Amino acid sequence: MPIDLALPPIQQKPANPPETRTSRVNAWLAEVARRDPVTAAQVIGDALAATNRVSMSDSRRMELAESYWTHAATLWPLLERTVLAASHPLAGAALEAAKAALTLAQELSIAYKHLLASEAGKRLSLGGARLAAALIHRCLQCFARVLAMSYQSYSPVPAHTWHDAHAVYAYARERGLQLATIPGDPNEATPERTYVQALLLALANPYGFLPGQFGIVLAYLQTHAQSVKLTDVQPVHRLAKSVAIVPVGHDFPPFSANKGGAVEGPRLYLLTFDLAIRLQEELRVIEGGGALPDGVGRDPASRAAYTLLLRRLLRQ
């Protein structure tokens, strides 16, 4: 089945065609990686943008995308540290780091969207379900990175990000691949878990977090996302506080069902009853003097801040 994704037009005869020979690109990437992280990310992002706009075989695009992904995965944590250590509004090196990280994530998402769109349009795929699952994983991982960097830098989520995230998950669900795992992945991540974490993060008012709190919230959601259910069956108590509507086909994030709002077209429902119960129990224990989780300070101020975070998550 075709999949509707936002993609830039392909230039058949670019004035300055980019290098697309895998061996040369790999050698170039290894050289660029020796530069400072911000410069390296900027240069790599620009090169990938040019690559995303020229025609090539799917096999070549896949090889290049994976090479760029490997280097991006090394650069992103370095860029995040620069962003999180800076005061806001961002300026100077921190602002450039945020822009470079976001551009790199966006361009990688375009590379994998090209591949997924091509795969979805084939009548017969040699790669089968395994290739489709791998491309779905990569697309959703890129979207999650775009969202995280947007929230951490307090910048708007780029246009089409939510539309494409919804579309990719819907495609995975229709193909029965939403629970597929990638062989060798130590986290046993699935498309559904990655997508649900992004939905929960959006519902938690991420622009309201202080820089040091974002990582704690993200780790919490990664740990407890499996207690949330995503379904296409409208719940009986659809206006309950613990139900969120996922607007498939639209370019905006999920929203709480009790906030109302009409949405045309298909939708999914995120049921967070079990997560709400877990949050309430953890609040009860911590407010009673119980131990805080690893990574949270043991001083009274840290306890108060973590308690406030849990309350904000509970109000999502």
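**A walk through the model**

P253 is placed in the loop that joins β2 (243-246) to β3 (255-256), where helices (H or I, at least four residues) and strands (E, at least two) are DSSP runs numbered from the N terminus. This is a predicted model, in which local features need pLDDT of at least 70 and side-chain atom pairs count only at pLDDT 80 or more, while totals for chains, interfaces and linings use all residues. Residues are numbered from 1 along each chain as its sequence is written, and side-chain values use heavy atoms, with hydrogens and water left out.

With a relative accessible area of 30%, P253 is partly exposed, a class that lies between buried (under 20% relative accessible area) and exposed (over 50%), judged with a 1.4 Å probe and protein chains only. Which residues does P253 touch, leaving aside its neighbours within four places in sequence? P253 is in contact, meaning heavy atoms within 4.5 Å, with W162, A202 and P247. One of these, A202, is 51 residues away from P253 in sequence, yet the two are 6.5 Å apart in space, C-alpha to C-alpha.

Is E107 buried or exposed? E107 is buried, its relative accessible area being 9%. Its side chain makes a polar contact with the side chain of R53, at 3.1 Å; a polar contact is a pair of N or O atoms within 3.5 Å, where, within protein, one must be able to donate a hydrogen and the other to accept it, and residues adjacent in sequence count only if both atoms are side-chain atoms. Not counting residues up to four places away in sequence, E107 touches G45, L48, A49, N52 and R53.

Two helices can also be viewed as a pair. Helix α1 (residues 22-32) packs against helix α2 (residues 37-51) at an angle of about 160°, and their axes are 10 Å apart. Therefore α1 is roughly antiparallel to α2, since angles over 145 degrees count as roughly antiparallel, those under 35 as roughly parallel, 65 to 115 as roughly perpendicular and the rest as oblique. On the α1 side the contact is made by W28, L29 and V32, and on the α2 side by A40, V43, I44 and A47.

Finally, step back to the whole protein, which has ten helices and four strands. From the N terminus on, its elements run α-α-α-α-α-α-α-α-β-β-β-β-α-α. Of its 316 residues, 47% count as buried. Among contacts with a separation of 6 or more, 73% are accounted for by residues 24 or more positions apart.

Conventions: Axes are lines fitted to C-alpha atoms, for helices over the stretch in contact, and angles run from 0 to 180 degrees between N-to-C directions.
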